[in-house]
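Thank you all for making time this morning.

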Amino acid sequence: MAIAHVCMQCGMALTRLRPSRDPHYRLPMVTCPSCNTACTRSVHPLQRWHHTAIRVRGTLCALVLQSLAAVVLGWLMPAGAAWFGRQVIHGPPVALLAERHRFALALFGLAVPIATGVWLTAGLGHWRQATAWRTWIAVMVALLCVDTILIVLADLPPATGVSWFNLVRREYELHVFPILIERIASLIALAAMLVVATAGIPLGRAVRAAFARHRSHRWRKRRKRLRARRAGA
């Protein structure tokens, strides 16, 4: 409902009259049809705060959803790659098809990668697609390898007075090398998950197109309502 606007000269209601811009000061001006008195129309502070709150609410909702998707997928992707790496290293690959692994295989092998592809295409549609994918791959590799780098650095002997032979001592071989091999297997699994994630690109484009149609339909309805109000004024 529009806020009331009354002519201060004759008291006529000017709410339904559309303002025009003053050519010099660019102020919204309304001319009373009864007494020809010109007056400015300003937005009431309550109405201004209401519009600002609506815009901020939409922005905050989008920010929360984007952050939630980034955190959840950013945790599930490295976790799934690490799980695949452990299963391949500590058991035969055929064991992945066992009944107890079906849920994890469907989650990490299909659901999470495809959801990632959809989010990178639709959720980060304001980015260039190549930039979004490169950034995501770099973040996933960093999250997957950061613990391995810390373990390797912590297990290395002091650099002073140590020969190369000490770098391959028995403790280092028994503790670090298996972790490195497991991480290599996890990186290969991550690459396979990213390949599966490309299947979500068409779905992401469809989601983005559907959102664009919804937004266009919403604006058309708003224009129709404004036209109906002006016609009934």
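Let me begin with contacts, by which I mean heavy atoms within 4.5 Å: among those in the protein chain between residues at least 6 apart in sequence, 62% join residues at least 24 apart. Please keep in mind that this is a predicted model, in which local features need pLDDT of at least 70 and side-chain atom pairs count only at pLDDT 80 or more, while totals for chains, interfaces and linings use all residues. Residues are numbered from 1 along each chain as its sequence is written, and side-chain values use heavy atoms, with hydrogens and water left out.

As for the fold, the protein chain has five helices and three strands, and from the N terminus the order is β-β-β-α-α-α-α-α; these are DSSP runs numbered from the N terminus, with helices being H or I of at least four residues and strands E of at least two. Of the 233 residues, 24% count as buried, where buried means under 20% relative accessible area and exposed over 50%, with partly exposed in between, for a 1.4 Å probe and protein chains only.

Turning to the second largest pocket, its space comes to about 660 Å³. A pocket here is an open set of points on a 1 Å grid over the protein atoms alone, where a 1.4 Å probe fits, with protein on both sides within 12 Å along at least five of seven lines, and lining residues have an atom within 4 Å of a point. There are 19 lining residues, and the closest to the centre are A62, Q66, A122, G123 and F211, while the elements giving two or more residues to this lining are α1 (45–90), α2 (102–123) and α5 (200–232).

Helix α2 also holds T116, which counts as buried because its relative accessibility is 0%. Leaving aside residues up to four places away in sequence, T116 touches L73, M77 and W136.

Which side chains meet in a salt bridge? They are those of R183 and E182, at 3.7 Å from N to O, and this is the one salt bridge in the structure, the criterion being a side-chain nitrogen of Lys or Arg within 4 Å of a carboxyl oxygen of Asp or Glu. Both R183 and E182 are buried.

Finally, N36 lies in the loop between β2 (28–31) and β3 (38–40), and counts as exposed because its relative accessibility is 60%. Its phi is near 60°, a positive value in a residue other than glycine, whereas most residues other than glycine have a negative phi.

Conventions: Grid points are joined across faces, edges and corners, and a volume is the space filled by probe spheres set on the points.
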